[in-house]
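Hello,

I am passing a structure on to you. Please open it first, then read the notes below.

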Amino acid sequence: MPNDVFRNKKIILGVTGCIAAYKACYLIRELKNRGAEVKVVMTPSALQFVAPLTFSTLSGNPVVVNVFPESQQNGTEMTTWHIDYAQWADLILIAPSTINTIAKIVHGFADNALTTLVAAARSPLIIVPAADVDMYLNRVTKDNIKKLEELGHYIVYAEEGELASGLSGYGRMADINKIIDAAELVLSGIKKDLTGKKILITAGPTYEDIDPVRYLGNRSSGKMGYWLAKAGFLRGADVTLISGPSNEIAYPGIKVHNVRSAKEMKDAVEKELKQNDVLIMAGAVADYKPLKASSKKIKKEDKLNSISLSQTDDILLSLKKGGKKIIGFALETNNAEKNALKKLKEKNLDMIVLNSLSDKKSGFEYDTNKITVINKSGKKKSFPLQSKFQAANNILTEVLKIT
Ligand code: CTP
């Protein structure tokens with residue numbers, strides 16, 4: 001991702017006693033590759049799984065395991081490393097976190113190096129649980145995880161899959177990429193502030209068939225909608241994505257409906273909106289379709305020289321909004337702001353996101369975007385060229401203000 005969120009950030013990686021501890025090695029690599037400095041703190045039982053030397057070699061820093069230094073003589077040496085570490089860190093990330101460490105943090109225990117550090121922490125805390133299925137789904141564990149969230153900590157939930165015990169179910173430590181995404185979000189100062197919100201997002205182009213092999217389409221890649229869906233999900237929202245044809249892969253945990261034509265997108269939006277609070281129409285819906293699609297491939301000898309078109313329905317214009325918050329996009333080449341304001345009014349939107357194709361590296365296919373958000377009262381906020389993930393987060397922050 002083209003941004004510098006991790007550069008020179010100081011991250012403490014807490015590792016606890018669980019087989020997934022070996023995955024922490026990969027996590028250190030990923031964090032360091034992105035420019036972060038990493039120091040590792042282990043619990044005593046983590047030593048059963050990975051040697052501290054592995055972590056000190058990968059991180060390039062000594063590993064803390066003991067509350068008191070080994071050189072401690074008769075309790076006379078001053079040991080305030082936990083305070084120094086707590087002040088040093090921009091982020092504390094515990095991955096994997098056993099249910100034992102989770103329970104201790106919930107209750108404020110400070111009985112080993114890691115829990116002592118957490119008790120003194122000043123920085124945000126991300127906790128990535130890992131346990132066998134019955135331990136993870138245990139009522140007490142669930143309550144403890146909920147309490148951690150209430151305390152403002154960010155949880156990257158365990159995934160479903162095969163477990164070390166041979167059982168399968170929830171409990172696998174989340175994928176490294178997911179942990180990195182969460183760290184990026186938290187380091188950007190964003191929390192799970194969309195928890196409880198149900199957001200419907202459209203993405204990508206629509207294709208209008210001419211015959212069984214040809215269609216009318218547009219250059220939308222779907223990236224903006226997919227980034228919005230991912231950012232919304234990471235911020236705790238329940239996200240449903242209605243996607244036209246796109247090469248993008250939806251973030252795990254997002255419900256996806258694949259559609260092809262404007263009509264299919266319209267039907268899906270109308271059906272799904274009932275279950276959602278917010279609609280963000282990032283989809284680039286076709287305005288025209290062939291009047292009649294040929295059921296057979298059109299051949300050269302047919303000497304086709306024109307295709308009659310008719311207009312598709314405007315989804316936003318015809319939608320029964322029913323008190324839901326509706327956000328549209330406007331993609332313009334000329335008179336950008338004037339046209340965006342016109343669409344905001346005519347389509348009765350709560351907010352419109354303008355991206356101008358005249359900006360370099362902005363719009364279709366790029367991983368960056370330059371957007372201006374205009375709300376119902378005409379108040380406008382412009383953002384510089386930024387990654388589509390950052391743009392998505394800025395849009396969601398504006399959406400949050402009106403929901
Ligand atoms: N939109 C829609 N249904 C359509 C076309 C567009 O709901 N048939 C939505 C888009 O998803 C977007 C907003 O309307 O959120 C504006 O789309 P845009 O293509 O910029 O504008 P149009 O209304 O299609 O007008 P024009 O193409 O003339 O600029």
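**What was found**

Asparagine 348 sits in the loop that joins α12 (336-346) and β17 (351-356). Keep in mind that this is a predicted model. Asparagine 348 is not a glycine, yet its phi is positive, about 55°. The residue counts as partly exposed, at 44% relative accessibility.

Asparagine 8 also has a positive phi, near 60°. Look for asparagine 8 in the segment before β1 (10-15). Its relative accessible area is 61%. Exposed means over 50%, so asparagine 8 is exposed.

Next, the backbone at proline 96. The peptide bond from alanine 95 to proline 96 is cis. Its omega is near -5°. Proline 96 belongs to strand β3 (residues 91-97).

The largest nonpolar core has 73 residues. Leu13, Phe55, Ile126, Leu228 and Ile280 touch the most other members. Helix α8 (residues 176-187) gives the most to this core: eight residues. Both domain 1 (10-70 + 79-187) and domain 2 (198-298 + 306-402) supply at least three residues each to this core.

What is phenylalanine 55 in contact with, leaving aside its neighbours within four places in sequence? The contacts are Val15, Ala21, Ala24, Cys25, Ile28, Val40, Met42, Val50, Gly60 and Val63.

Best wishes

Conventions: Residues numbered from 1 in each chain as written. Predicted model: local features only at pLDDT ≥ 70, side-chain atom pairs only at ≥ 80, totals over all residues. Heavy atoms only, no water. Helix = DSSP H or I, 4+ residues; strand = E, 2+ residues; numbered from the N terminus. Buried < 20%, exposed > 50% of the residue type's maximum accessible area, 1.4 Å probe, protein only. Core = buried A, V, L, I, M, F, W, Y, C linked by side-chain atoms within 4.5 Å. Domains from an automatic or database assignment. Contact = heavy atoms within 4.5 Å.
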